[in-house]
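Student: I'd like a close look at one part of this model, the charged side chains and how they pair. Could you walk me through it once the structure is up?

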Amino acid sequence: NMRISVVLAVVTPALFVAGPSLAAPRRHSLSGTWTFLESQVTRRNGQVAPAHILFVDGAGFNCGAACTIVQDGRTLRVSRPEENGKKPRDIVLTFASSGTGAQSAHDGDATAKWDGQQLLVTNSMGTMTIHQTIAVQKDRMIVTSQMTTGTTPGEIWRQTYVRR
């Protein structure tokens with residue numbers, strides 16, 4: 001009985017200290033260099049087709065043909081190489097200390113938040129809103145984008161990238 005009491009006295013406080021960190025899963029890291037692999041579109045009628053799209057104009061997150069992402073506990077920075085003689089500006093999302101919300105440094109209307117293992121990015125411009133989901137599945141980064149104008153949802157674009 002004395003041994004059981006000593007073990008419980010030592011183990012129980014350790015469980016309380018470790019408990020929150022055990023309950024919160026580690027997020028997939030988006031950090032690395034990513035190269036475009038393929039794209040597809042889901043039309044409003046549900047038809048899925050290959051697409052030739054490298055970025056979604058006006059979206060809060062754009063990787064293009066290739067990008068380098070640096071992610072830490074507070075920020076996500078997306079850098080793209082020079083395209084047609086011009087270097088695109090970096091996209092920087094800075095997360096709130098809780099990790100649930102963020103404001104983009106490049107556009108005051110873009111917000112980002114974590115939903116489990118997925119990053120949700122929303123950018124509003126007038127009556128148009130672009131919702132994006134960025135997730136890592138195995139060695140692939142999947143970026144899903146949908147533009148809504150007013151209350152009318154548009155096509156769903158899905159881009160797949162591979163980490164180099």
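Student: Which side chain meets that of Arg 140 in a salt bridge? Please take the other salt bridges from there.

Tutor: Happy to. A word on the ground rules: this is a predicted model, in which local features need pLDDT of at least 70 and side-chain atom pairs count only at pLDDT 80 or more, while totals for chains, interfaces and linings use all residues. Residues are numbered from 1 along each chain as its sequence is written, and side-chain values use heavy atoms, with hydrogens and water left out.

The partner of Arg 140 is Asp 139, and the N to O distance in this salt bridge is 3.3 Å. The term stands for a side-chain nitrogen of Lys or Arg within 4 Å of a carboxyl oxygen of Asp or Glu. Side chains of opposite charge can pair when their charged atoms come close. Arg 140 is partly exposed at 30% relative accessible area, and Asp 139 is partly exposed too, at 41%. Here buried means under 20% relative accessible area, exposed over 50%, and partly exposed in between, with a 1.4 Å probe and protein chains only.

Strands are DSSP runs of E with at least two residues, numbered from the N terminus. Both ends are partly exposed: Arg 43 has 33% relative accessibility and Glu 155 has 26%.

Another salt bridge joins Glu 83 to Arg 80, where the closest N and O atoms are 3.3 Å apart. In this pair Glu 83 is partly exposed at 29%, whereas Arg 80 is buried at 15%.

Back in strand β11, have a look at Gln 159. Gln 159 is buried, with 2% relative accessibility. Its side chain makes a polar contact with the side chain of Tyr 161 at 3.5 Å; such a contact is a pair of N or O atoms within 3.5 Å, and within protein one must be able to donate a hydrogen and the other to accept it, with residues adjacent in sequence counting only if both atoms are side-chain atoms. Leaving aside residues up to four places away in sequence, Gln 159 touches residues including Phe 36, Ile 53, Phe 55 and Met 141, where contact means heavy atoms within 4.5 Å.

Technical notes. Helix = DSSP H or I, 4+ residues; strand = E, 2+ residues; numbered from the N terminus.
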